[in-house]
Amino acid sequence: MNKEELAALLQESQVPDTNTIKAITAKLQKNYYSHHESLLLLIELIATHGDVNVRQQAAIQASRLVIKHWEKIPENQKGAVRQHLVQATMKEPAARCRHAQSRLIAAIGTLDLENGEWLDLLPALFTLASSADVAQREVGSYIIFSLLEANPTCFNEHMTQLLQLFQKTIVDPQSADVRINTMMSVGAALLMFEPEEDAESVALLQTLVPPMVEVLKAAVEAGDDEKTGQAFEVFQQFLAYESALLGKYLKDLVQFMIDLSANTQADDDVRSQALAFLAQTVRYRRMKIQGMKDMGQQLTLKAMVILTEIDDDEDEDEMSPARSALALLDQLANDLPPRQVIVPLLEALPKFVTSNESGYKKAGILALGTVVEGAPDFVASQVKSIMPHVINLLNDADVGVRHTALIGLARLADDIAEELGDYNEALMTALVKNLQAATAGTSDPKLAKKNVEIIRSVCGALDSMSDGLDAEFMKKYAGELVTNIGALVGHEDYKVKVAASGALGAIAESLGQEFTPYFEQTMLALGAYLNVKDSEDELTLRSGVCDSMGRIASAVGPKVFQPFVVDLMTASEVALHLDNTRLRESSFILWSSLAKVYEKDFAPFLPGVFKGLFDSLELEEEEITLQLTEAEKGIVGTTEDVITGGKKLKIRRTDEEEEDEMDGDDDDDDDWEEIGVSPEALEKEVAIEIMGDVITYACGGAEIKEYLEKAVEMIAPLAEHGYEGCRKAAIATLWRAYARVWQVMEEETGSSWEPGLPLKQTPTVTLVKLGEIVAKATLQNWNEEADRSVVTEINRNVAATLKACGPSMLAQENMMKEIVTVLTTIITRSHPCQQDLGDEDEDQEVEGTSEYDWLVIDTALDVVIGLAVALGPSFSELWKVFEKPILKFASSESENIERSTGVGVIAECAANMEAAVTPYTAKLLNLLLKRLSDTDNETKSNAAYATGQLILNSTDSNTYLPQYENILRKLEPMLQIQEARIKDNAAGCICRMIMAHPDRVPISEVLPALVGLLPLKEDFEENSPLYECIFKLYQAHEPTVQALTPKLIPVFEAVLTPPADQLDDETREIVRQTVALLFNAKQDLFGSHPNVLKFAGLA
């Protein structure tokens, strides 16, 4: 083995030529690195070679070979080798080489210490790091960092000594390197601290936090980007561990980062890093931030001010302070209660949007559009104060403000489109006006560019608003919009074509079958791009067109769309082979739309559809290959794991990367890839969801026999996928498949499930086997899943399936026990997804909750209702388990949503327990009487519903009858309130009270008021007790109802005509019987209402 040749090869490897490097790598592997002597040669080169690049590469390669070759080195040589290496490191003038050599010492030291060798290493390092010679301190502190990074357990027995050393070196008076090395060492040592087991060490650690802040300050002031980045990384690492490690200093650290991010004199990159730290803190320490007085408000308002710096020409991919502030606002809305974020934002909004400075106007609307996703319910409740500002900005004189307002509107409409209905006229006028202005010609290239952005944004806003635009309203604008936007499909800018395609789909979706007159011309315009494939831009356009056509099919229905189905399906299957992920996903989404439109008539296409979906699920995912910084190691795990959404993704450096990394300092890892999700995983998520749609809508018994087994076999393992989107989609689709198979069984047998266990109806063998798979996939995730969205989706699907399929899944082994356990942890806020990272065992209850956090609880409570539906009266025993937390929600003094939801759950459970609710009557009635006078209308409305259900089902009349007059007194004013379905629920409650005890209600006073409310406009569910009560009063020949017959006949006509969802089948039959009863008694009552008889099937 030739030292000179090895050095020459390392030198040649510096040439930036891939083929050369590959050839050199192969030669090095074959002739050198496969032999243990190469390690000694590399160390010799480190000590003797004159070329700094060779010394550095020798150290990097030697570090990688230690694990493979060090133990093969003869024992009698190791001492000299260690000494030779340490001396070389001490003498090394180049910092990057010295760092690489320090890592080599750490690699050897780790192995030696594990084997009980090199025992004088740690004492020597402590001596070196404490030396009076600053150069020695720099070397010693960096080797300590390298050793901690390689294996922190080497210092298990020396933690106190190490921390005492850090207390000195973190304030080293001569060397910034020693200070930052110490700080990085602290970050690398964090996993060694156990607050509950070693409070003394944690206390020592906490004393290091203030001087670490000073290290960051000094790096910022010195303009040292490298040290600044390293310091930020260490603070990020703290977020991955127990919050006790920062302790009382978290608030001070957050305040420091706020001030730094708001300092316009600081470098933009520094400010962006400070904002990124704040966003991560909100994410991983949301409970702590929530508990800091006014911190949410301060973060929100500071972010809004920073957002005013946003530039019209700013690159969307560049994380400027303004864009980082947007990310922080998004995180705040997702993780903190609306009162801490949305309330202060809305209070500040008028000042921003009425400012003379365009930056403030843009910041206001962008902030609003950003936070709505995290708190849609709260923002929706404030539209009256918000929308006038939005409309003003859409009509602003500044084109940049108008553009930003369009973006803000689109984001608002994405989440609350239906709540914007009262403003549709003004919004549509503004959209049309902006579109006209932007399509006018101009010779100004800058304005022309902005006009293109305006056009795209108008189309995007229309797309987002589609859910809130009804056909009647859209008919006024349809002709003009279809013509103008249809013309944009031929625009020279492909992004405009894509946006216009989306807008046409949205217009069709809003119009429904009223889109039919524009159908053919639109399909012809879009059809020109259905098969384009010559560039990535064309494939993106083809994808947009495919999406739009799916929406058009849903709008016009199966008959009108029929001529285009075969060609469109052919094009979508061809698209699968064009190597474009987005286009494949668009094909899948199209199949979902067509499956919903054609249902079982979609069967001829199922072979190609399932093949395409199966092929997607079989995609090999590229292993994520990352070189992680210390910050990333802290946040996501070790260099072997990435935690994303609470699951670990295996990662590694590829062999090629290992060998090809031939330049740069091995410890300089600033250019790390962003941790993300592979395109294959994202595609699988869509494919799984679409498979659920296809099974649900287009598969009958024969198709289930043909495709279900393979589908389940492929989906089930993905419930453990590293990407939370795949886990969520897989579990949801398994539950949907179970529900569909159950539905098919009921259709084939003509039977329906009955509540309670043991099961009254025996499931098929297929259902039992499928149930086992669904239960296993669910239970292995549900208890420990750290991602809120996954837990929420599981809750939703379990609840829906219990309501649709009854108790069959509860018969699975341990299923009932596990469901009760996980529901209890969620509704008591002790589930892993509800805790701060690292603080899972800590009591973290605080006042208020974010809407995403509440959604986890809300959907869990829906599972409780599902259990009540599935078990019926036997749920009475389970109520004992859930009663305390549910009553706690219903008694909440601070949160309206908690009270209204808790009361709603009581109502549903009482209804399904039937007479078995009796033992709980006194306690429930006492609470409901208070809630009937609640200040929140939603709670009051639910209380009326719950009170009626309790009275109708409980047999404890001795408890509730003395309260009849009191209840009626509370209900009377509710019949005049327009909000929150109060009138409907109050009417339903009174009718249930009448049916339970007609002698205790003054029917002659009450019934005319009830009839005056009919037909109900909001809560159609309450039609059931209303018409049942009226029917029973007619049967009893009650005089008041007889006198009200002329008023009731047109009501019967109204509810028997569309919309059909006004009445369920049972109530429709009751209305029909009522009409028949009246007709048989007195036919001339129907002289002026002949249609009633027709709709009732009597004429």
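# Close-up views of a predicted model

**Figure 1. A salt bridge joins the side chains of Asp853 and Arg286, with 3.0 Å from N to O.** The partners come from distant parts of the chain: Asp853 belongs to helix α41 and Arg286 to helix α16 (residues 286-291), a separation of 567 residues. Both Asp853 and Arg286 are buried. The structure shown in this and the following views is a predicted model. Across it, the count of salt bridges comes to 41.

**Figure 2. Lys78 and Glu117 form a salt bridge within a network of such pairs.** The closest N and O atoms of Lys78 and Glu117 are 3.9 Å apart. This pair also links distant parts of the chain, since Lys78 lies in helix α5 (residues 75-91) and Glu117 in the loop between α6 (95-114) and α7 (121-129), 39 residues apart. Lys78 has a relative accessible area of 3% and is therefore buried. The network of salt bridges links Glu75, Lys78, Arg82, Asp112 and Glu117.

**Figure 3. The salt bridge of Arg736 and Asp693 brings its closest N and O atoms to 2.8 Å.** Asp693 counts as buried, because its relative accessibility is 11%.

**Figure 4. Aromatic rings pair in several places, 19 pairs being found in the whole structure.** One of them consists of Trp854 and Phe889, an edge-to-face pair with 5.4 Å from centre to centre and 85° between the planes. Trp854 sits in helix α41 (residues 851-871) and Phe889 in helix α42 (residues 875-890), so that the pair links distant parts of the chain, 35 residues apart. Trp854 is buried at 7% relative accessibility, and Phe889 is buried with a relative accessible area of 4%. The pair of Tyr960 and Tyr964 is stacked, because the ring centres are 6.1 Å apart and the planes stand at 25°. Tyr960 and Tyr964 are both buried. Elsewhere, ring pairs link Phe519, Phe561 and Phe564 into a cluster.

**Figure 5. The largest nonpolar core contains 372 residues.** Which members touch the most others in this core? They are Phe561, Phe602, Trp782, Phe875 and Tyr1027. Helix α41 gives the most to the core, with 13 residues. Around Phe875, and leaving aside residues up to four places away in sequence, the residues touched are Val864, Leu867, Ala868, Phe882, Cys909 and Met913.

**Figure 6. Helix α39 covers residues 788-805.** Its 18 residues reach 26 Å from the first C-alpha to the last, close to the 26 Å expected at 1.5 Å a residue. The helix is mostly covered, with 13 of the 18 residues of α39 buried. Gly806 follows α39 and has a positive phi, near 75°.

**Figure 7. Residues 25-91 carry a UniProt annotation.** The unreviewed UniProt entry places the feature "domain: Importin N-terminal" at these positions. In the model, the span is 84% helix and 0% strand, and its end C-alpha atoms lie 29 Å apart.

Definitions and conventions
Residues numbered from 1 in each chain as written. Predicted model: local features only at pLDDT ≥ 70, side-chain atom pairs only at ≥ 80, totals over all residues. Heavy atoms only, no water. Helix = DSSP H or I, 4+ residues; strand = E, 2+ residues; numbered from the N terminus. Expected span 1.5 Å × (residues − 1). Buried < 20%, exposed > 50% of the residue type's maximum accessible area, 1.4 Å probe, protein only. UniProt positions renumbered as here; feature names shortened; annotations may be inferred. Phe/Tyr/Trp six-rings, centres within 6.5 Å; stacked < 30°, edge-to-face > 60°. Core = buried A, V, L, I, M, F, W, Y, C linked by side-chain atoms within 4.5 Å. Contact = heavy atoms within 4.5 Å. Salt bridge = Lys/Arg side-chain N within 4 Å of Asp/Glu carboxyl O.
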